[in-house]
Every structure is written in C-alpha cells, then in structure tokens.
Amino acid sequence: MSEVKAVILVGGEGTRLRPLTSSVPKPMVPVLNKPFLQHVFKHLSNHGIRDIILALCYLPDNIQSYFGDGSDFGINLTYVVEDFPLGTAGAVKNVSQYIDSTFLVLNGDVYTDLDLTSMVAFHKEKGAKATIALTPVEDPSAYGVVDADADGRVKRFIEKPKREEAPSNMINAGTYVLEPDVLAHVEPQKFCMFERFLFPLLLETGQAVYAYPSDAYWIDIGTPDNYAKINLDLLSGETQADDSVDVHSSAKITGPVLFGSNCVVEADVVIEGPVVIGSGCIIKSGSFVRRAIIWPDTHLDSWTTIKDCVVGMGCRIEANACVVDGTVLGSDVVIGDSCHLSGGVRIDCGKSIDPDTTLKR
Ligand code: GDD
Ligand code: MG
C-alpha cells in the first residue's frame with residue numbers, strides 16, 4: 001500500500017509533559033535515546049508508508065533540522081507549518097494540497113504497533129469515509145470515546161466525556177484512515193477539530209464512519225508517567241552500551257539498561273534496570289539508579305539516589321541527593337547536595353534547588 005500517505009499531527013504544545021517539553025517539542029522527547037517520532041516513522045515504514053507529511057506548529061525548527069528531508073531515515077518528509085494552531089482537522093486541511101487518495105492521519109504523541117496494512121484494507125472493504133482505530137482503556141474520560149455497533153459502524157463520538165457518561169471504554173486511538181473528500185467540511189485557515197466537529201458532523205449526516213478496534217500495544221506519551229512507561233516498556237533484553245561507555249569493574253548493573261555513548265560509571269555504582277541513560281552522562285561513585293530515564297549530559301555526584309523518575313538534559317545532582325518517586329526534572333536543573341525530592345515534584349528547566357531541601361508534591 002505504498003500509495004497511502006500519512007499525515008502526522010505534531011503541532012501541540014505538550015503542556016502536560018512540562019517541564020520536559022519546555023525546551024523540546026513532544027515529538028522529539030527521547031525514547032530509548034532516539035526522538036519519539038523516529039519510532040513512529042519506523043512503524044510506518046514497516047507498513048510500506050514512506051510519504052509522510054508533518055503538520056507542525058510549536059517549535060517546528062527543532063523537528064525539521066533533525067529529520068531534514070527524511071532520506072537518512074528511509075522516508076520522504078514534507079513539512080507544513082501553521083501560523084497559529086489550526087486544531088487537529090484544521091491542520092490536516094492545511095496540508096490537503098499533498099493528498100489525493102485514501103490517507104492516514106496519526107496523532108503525533110501516540111505509539112502503537114497497530115496493523116496499519118489491515119486497517120487500510122478494512123477501511124476499503126467497508127467503503128468507509130473515515131475509519132477510527134480504537135483501543136480499550138480503563139478510564140476513558142481523558143480521551144475521545146467511540147460507540148460502535150456490531151458491524152463496526154460508529155454511532156457516536158464523544159470527546160472527553162465524564163467518566164459516568166462514557167458509553168464504552170473503547171477510545172479513539174488517534175489513528176484514522178480518511179477519504180480526502182471529508183476535508184470539504186473543514187474551512188481553510190480556521191481552527192477545527194476532528195474530535196469535536198468533523199467526526200460528529202460525519203455521523204449526523206449519516207456518512208460511513210467505521211471503528212477498527214484492536215488490542216495492539218498503545219500509549220499516548222503526553223504525560224510524564226506515560227512517557228516513562230513507554231521507555232521502560234520498549235526496553236528489553238540485555239544491557240546495551242557501546243565501546244565508548246566506561247563502566248568501573250566494581251559497578252553492579254542489572255539489565256535492561258540502555259546507555260548512550262560516552263557515559264562514565266564510577267566505582268560501586270548500582271544500576272537496576274529498566275533504566276535509560278543518555279549520552280555523555282557521568283555517574284559518580286556509590287550512586288544508585290533504578291527505573292529511571294536520564295537525558296544526555298547529566299551528572300550524578302557521589303552517593304545520589306535516582307529512582308522512578310525522569311531527569312532532563314544537562315542536570316547536575318549533587319552528592320547524597322535523593323530524587324525519587326515520580327519526580328520530573330526539566331533540563332539544566334541543579335539539585336543541591338542532600339536534597340530529597342519525591343511525590344511527583346516537577347522542577348522547571350534551569351532551576352537550582354538549595355542543598356538540604358525537601359520537596360514533595
Ligand atoms: N498541527 C497541529 N495543530 N497539531 C495539533 C494541534 C494543532 O493545532 N492540536 C493538537 N495537535 C496534535 C498534538 O500535537 C497531538 O499529537 C495530537 O494532535 C493530539 O492532540 P493532544 O493534545 O495530544 O490530544 P489528546 O491526547 O488530549 O486527545 C487526542 O488523542 C487521544 C488519544 O491519545 C484526541 O484525538 C482523543 O480523541 C484521543 O482519544
Ligand atoms: Mg495526546
């Protein structure tokens with residue numbers, strides 16, 4: 001199905017992922033030490049989809065300069081930058097000059113191993129105007145909830161209902177197969193959302209909208225908990241480190257741990273996976289790291305404890321400090337010696353915390 005193009009929506013601000021997204025747009029946050037979008041590209045390529053259009057708005061330069069025309073990644077990328085946020089459907093309307101046949105739309109913050117080839121085949125077999133991938137979740141209230149009949153025909157689409165008003169726990173998984181003519185209902189250069197306008201309109205006017213449920217792996221990386229989860233879920237097997245990583249013989253590493261290049265691990269350090277450590281990190285003697293994601297160029301001084309947390313780029317954690325239990329540090333943060341941070345505290349980029357401070361959310 002090489003003729004199917006994909007539009008990826010990557011214009012959101014990623015507010016719920018702050019402070020991680022204060023300096024890096026959500027699609028570029030590192031997952032297993034690679035920008036998140038690179039994992040999405042891989043999934044599309046695996047299904048023969050190489051013509052990819054990125055609908056951008058927030059921090060677009062960062063994405064464009066990294067991926068270029070896509071050729072280094074085996075894909076062909078087109079970028080369209082909005083002057084102001086056009087919403088999910090407005091953003092797709094804004095790239096419609098590149099679309100002339102059945103196409104895919106992906107929310108740019110979702111990772112899934114959904115079978116796209118089968119989904120497109122299902123869409124065509126049903127003669128649908130729109131097909132929405134569904135996934136089950138425990139609490140549907142943070143998502144678009146879809147009510148479909150036994151044949152898969154969608155009856156209702158309700159964005160972010162109250163939990164008790166959700167007609168099912170099957171939610172919009174953020175992957176759509178669409179026919180280009182559905183975009184005729186969207187005005188150019190006007191804010192418009194699939195979820196609150198276009199899908200309800202297609203349903204009201206009796207168009208063929210189908211649901212494609214699956215139990216494929218699925219996660220929206222838009223919150224720190226989910227961002228940590230995808231890293232830990234995708235990390236598997238053995239510890240991985242290239243020759244540039246210098247690990248002292250007395251350090252104890254239990255996998256899976258993924259090291260970027262040029263990391264240093266000093267004497268008596270204990271690292272218990274799953275842990276992802278970005279390139280250029282230094283972990284000084286006696287420190288303990290468990291279930292953590294550490295971005296590049298961060299230094300942990302001696303006898304620090306880093307557990308169940310995300311640490312941004314270029315941070316410095318001074319001796320004996322303890323950063324645990326859902327803490328999220330933005331980039332370039334300094335945590336003074338003997339501090340204790342826990343309970344999901346978030347520290348903004350560039351902040352310094354005085355020694356001996358205890359912070360709990
Ligand atoms: N280009 C562009 N312009 N992209 C946008 C804009 C915009 O104005 N607004 C949002 N996006 C992108 C975001 O970057 C993200 O990749 C995607 O559209 C979805 O936006 P989110 O802000 O992450 O929405 P959500 O997670 O609350 O809800 C959406 O995703 C759920 C699944 O994760 C909805 O589609 C729900 O119905 C769905 O269940
Ligand atoms: Mg989202």
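Cys-57 is buried in this predicted model, with a relative accessible area of 17%; buried here means under 20% relative accessible area, exposed over 50%, and partly exposed in between, with a 1.4 Å probe and protein chains only. The residue sits in the loop between β4 (51-56) and α2 (60-67), where helices (H or I, at least four residues) and strands (E, at least two) are DSSP runs numbered from the N terminus. Leaving aside residues up to four places away in sequence, Cys-57 touches Val-10, Gly-11, Glu-82, Phe-84 and Pro-85, a contact being heavy atoms within 4.5 Å. The C-alpha atoms of Cys-57 and Glu-13 are separated by 8.4 Å, although the two residues are 44 residues apart along the chain.

Because the model is predicted, local features need pLDDT of at least 70 and side-chain atom pairs count only at pLDDT 80 or more, while totals for chains, interfaces and linings use all residues; side-chain values use heavy atoms, with hydrogens and water left out.

The protein chain as a whole contains 6 helices and 31 strands. Along the principal axes, the C-alpha atoms fill a box of roughly 65 × 45 × 40 Å. Of the 361 residues, 53% count as buried. Among contacts with a separation of 6 or more, 48% join residues 24 or more positions apart.

A magnesium ion (ligand 2) is coordinated by Asp-109 (OD) and Asp-220 (OD), at 2.1 to 2.4 Å. Asp-109 belongs to the loop between β6 and β7 (110-112) and Asp-220 to strand β13 (residues 218-220), so the pair ties together parts that are 111 residues apart in sequence. Donors are N, O and S atoms within 2.8 Å of the metal (3.2 Å for Na, K and Ca), and water is not among the atoms, so sites may look incomplete. Asp-109 counts as buried at 11% relative accessibility, and Asp-220 is buried too, at 15%.

Helix α5 (residues 194-204) has several buried residues, including Phe-194, Leu-198, Phe-199 and Leu-203. The buried residues of α5 pack against α3 (87-93) and several strands, among them β6 (103-107), β8 (130-136) and β11 (170-178). Strand β8 also holds Thr-135, which counts as buried at 5% relative accessibility. The contacts of Thr-135, not counting residues up to four places away in sequence, include Asn-169, Met-170, Ser-214 and Trp-218.

Most residues other than glycine have a negative phi, and most peptide bonds are trans. The peptide bond from Arg-18 to Pro-19 is cis, with omega near 10°, and a cis bond also joins Gly-255 and Pro-256, with omega about -5°. Asn-33 has a positive phi of about 65° and counts as partly exposed at 30% relative accessibility. Asp-356 has a positive phi near 65° and counts as exposed at 58%.

Notes
Residues numbered from 1 in each chain as written. Chains lettered and ligands numbered in written order.
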